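User: I would like to learn how to read a protein structure. Could you take me through a few features step by step?

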Amino acid sequence: MTEIAVISGKGGTGKSSISAAFATLNCKVVLADCDVDAANLYLIFNPSNEEDEIYISGYKAVIDYSKCTNCRSCINQCRFDAISLINDKTVISELACDGCFLCSRICPENAIGMVPSNKSRMYSGSFRNGKMVYGRLAPGEENSGKLVNMVRSKAKKISGESGIETILLDGPPGIGCPVISTLTGVNKVVIVTEPSFSGINDMQRVMEVLRKFNLRAFIVINKYDLNVTLSARIKEWCGQNGIELAGQLPFDKNMVDAMIQGKSIIEYNPDLKISKEIHKIWCKILKTD
Amino acid sequence: MIKIAIASGKGGTGKTFVATNLFYTLLLKKYRAILVDCDAEAPNAVAFFETKEIEKSEVNQLVPVIDINKCTFCGKCHEYCNYNAIFILPPMKIINVIEDLCHGCGACSVACIADAISERPVSLGKVETYSVNGLPALFEARMNIGVMSPVPVIKAAIKKIDNHADIAILDAPPGTSCPFIQTVSSADYVILVTEPTPFGFSDLKQSAATLNKINKPYGVIINRAGLGDNSVYEWLKENNTPLLLEIPFDKGIASIYSNGQLLVKKNKKYKTLFNGLMKTIHQLFNTF
Ligand code: SF4
Ligand code: SF4
Ligand code: SF4
Ligand code: SF4
């Protein structure tokens, strides 16, 4: 079993389109969409829904007003400034509540209950080149990386059962908990970047995270021709830091057209220069160990 | 004083591009404007401006410290901790705090009756204040690498907003979970930046659903107009969502922006576009 994660540091670098292309090349894959906050790949692959599971992202405190005496104990104890007295009524802000249970434990009247946030789901099924698992976080729920862990263990289970050896993870943007959950214990990491000063900043930040995990990274420069000077600088930086540059891709409007047709660029037209280049990059990543 | 958050479900649709160019346009028109970079995992707005750093404040969280000489290994702190941040093996007399999992909620301190728990601050990140034209105008939230959630740093940055200013622009983090909610909930109005592609459209719908849920008014800017298809436009019409601005797709823009330059400085057409946006906002809020 090989787990390959595709991440980007910054959103909008074309990471998901490239993951979609990887997922439709020769070998079958278990595709795990770990960008649970903005899961997009199901739009292209329209997987069958064979199983769904409820994901509890956390809890929210709720007051039973028939019991509350406005004693203020909970207001004084809450560290997240989530409880306040509004017009002589003790009110909990759902947005600010971190779900720590403290108020429910200390309320002398036992007036506070904890309600699970259970609107998020994890789906799994088949798509045209293998199996797919994806999480969908309900709007406003906490993305703590736990859903990512759930998606990953499901993907591993499916890989074991189906005999599909390659698990491809499409990761979330940023450097926080969901990214760390995506990276922990994977075999290879592909970082998709773009030649802009913000793209470079974010790539370097995400590399620092990778270093902490001792992970091997491959860099792909997407839309390299939008700024060849900066692309050259990324190459140079990779060289200086001993990071492998897996390849660079031109800006190509076909990427968007393929997406609109619900296809990866490989399915849209395997003979395009960009498709061939992506194929080369994928082979390189698979071969290197 | 009005606060406007610039957000997008998916990163990279150009929200920082809109935030920085709008901020600059406001400054040119002599408004007292503030820009808060709330994208604490990947803050990039500062580099677009000539700034001077004037203040740096650490954002801390408290984590428990357990005194094993006082601890009776009763296990109550472990039971109170809803984040599994306390590891305890009473027969072996082992108790540990897993700081990475700790949210600093203080429940363990309340639980301990043996007075064995004290707390110490650990750094989550910082908020840096920069001046533009001599006035503090730019606040950057920056989360430390390895920290789990950017929310505390974002909150601290938003707290810095000086209410005497005319308008504050908040560059929101991507996604629709806690960091996004934290940012938009403190704003009076939200501008969602999207692109007319299937991914962009799907993320826009998700952001809009979140904003509807918390009753925040919003409008939409379509970036890279001309790429993609018409579904976004149809959806905006059906839902009576205002289209505030269209920014045409142009390879030239991408290369100016990629170098960290402000488009309104370089290109007259865009100066006009952003002046138009400013007027639109003006009409929305007669107050500022
Ligand atoms: S601690 Fe309980 S009784 Fe006291 S104000 Fe809070 S909810 Fe009401
Ligand atoms: S559960 Fe925790 S965060 Fe939520 S209101 Fe109670 S004390 Fe505050
Ligand atoms: S402060 Fe809260 S999260 Fe941290 S260890 Fe104590 S109970 Fe757990
Ligand atoms: S509650 Fe206090 S005494 Fe009990 S195990 Fe925790 S630290 Fe030790």
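Analyst: We will go through the ligand shell, the ring pairs, the charges over rings and the chain contact. This is a predicted model, where local features need pLDDT of at least 70, side-chain atom pairs count only at pLDDT 80 or more, and totals for chains, interfaces and linings use all residues. Residues are numbered from 1 along each chain as its sequence is written, chains are lettered from A and ligands numbered from 1 in the order in which they are written, and side-chain values use heavy atoms, with hydrogens and water left out.

User: Which residues surround ligand 3?

Analyst: A residue is near a molecule if one of its heavy atoms lies within 4 Å of it. Around ligand 3 we find B:Pro64, B:Cys81, B:Tyr83, B:Ala85, B:Ile86, B:Cys102, B:His103, B:Gly104, B:Cys105, B:Gly106, B:Ala107 and B:Cys108.

User: How do the residues of that shell divide into nonpolar, polar and charged?

Analyst: Ala, Val, Leu, Ile, Met, Phe, Trp, Tyr, Cys and Pro count as nonpolar, Asp, Glu, Lys and Arg as charged, and the others, Gly among them, as polar. The shell around ligand 3 has 9 nonpolar, 3 polar and no charged residues.

User: How many aromatic pairs does the structure hold?

Analyst: Rings of Phe, Tyr and Trp (its six-membered ring) pair if their centres lie within 6.5 Å; planes under 30 degrees apart count as stacked, over 60 as edge-to-face and the rest as tilted. The structure holds 11 such pairs over all chains. One of them is B:Tyr189 with B:Phe285, edge-to-face at 5.9 Å centre to centre and 85° between the planes. B:Tyr189 lies in strand β9 (residues 189–194) of chain B and B:Phe285 in the segment after α10 (268–284) of chain B, so the pair ties together parts 96 residues apart in sequence. Strands (E, at least two residues) and helices (H or I, at least four) are DSSP runs, numbered from the N terminus.

User: Is B:Tyr189 buried or exposed?

Analyst: Buried means under 20% relative accessible area, exposed over 50%, partly exposed in between (1.4 Å probe, protein chains only). B:Tyr189 is buried at 5%. B:Phe285 is buried too, at 15%.

User: Where does the charged end of B:Lys205 sit?

Analyst: A charge sits over a ring if NZ of Lys or CZ of Arg is within 6 Å of the ring centre and within 35 degrees of the ring normal. The charged end of B:Lys205 sits over the ring of B:Phe201, 4.2 Å from its centre. A:Arg105 has its charged end over the ring of B:Tyr80, 4.9 Å from the centre.

User: How many residues does the contact take from chain B and chain A?

Analyst: Contact means heavy atoms within 4.5 Å. Chain B gives 59 residues and chain A gives 56 residues.
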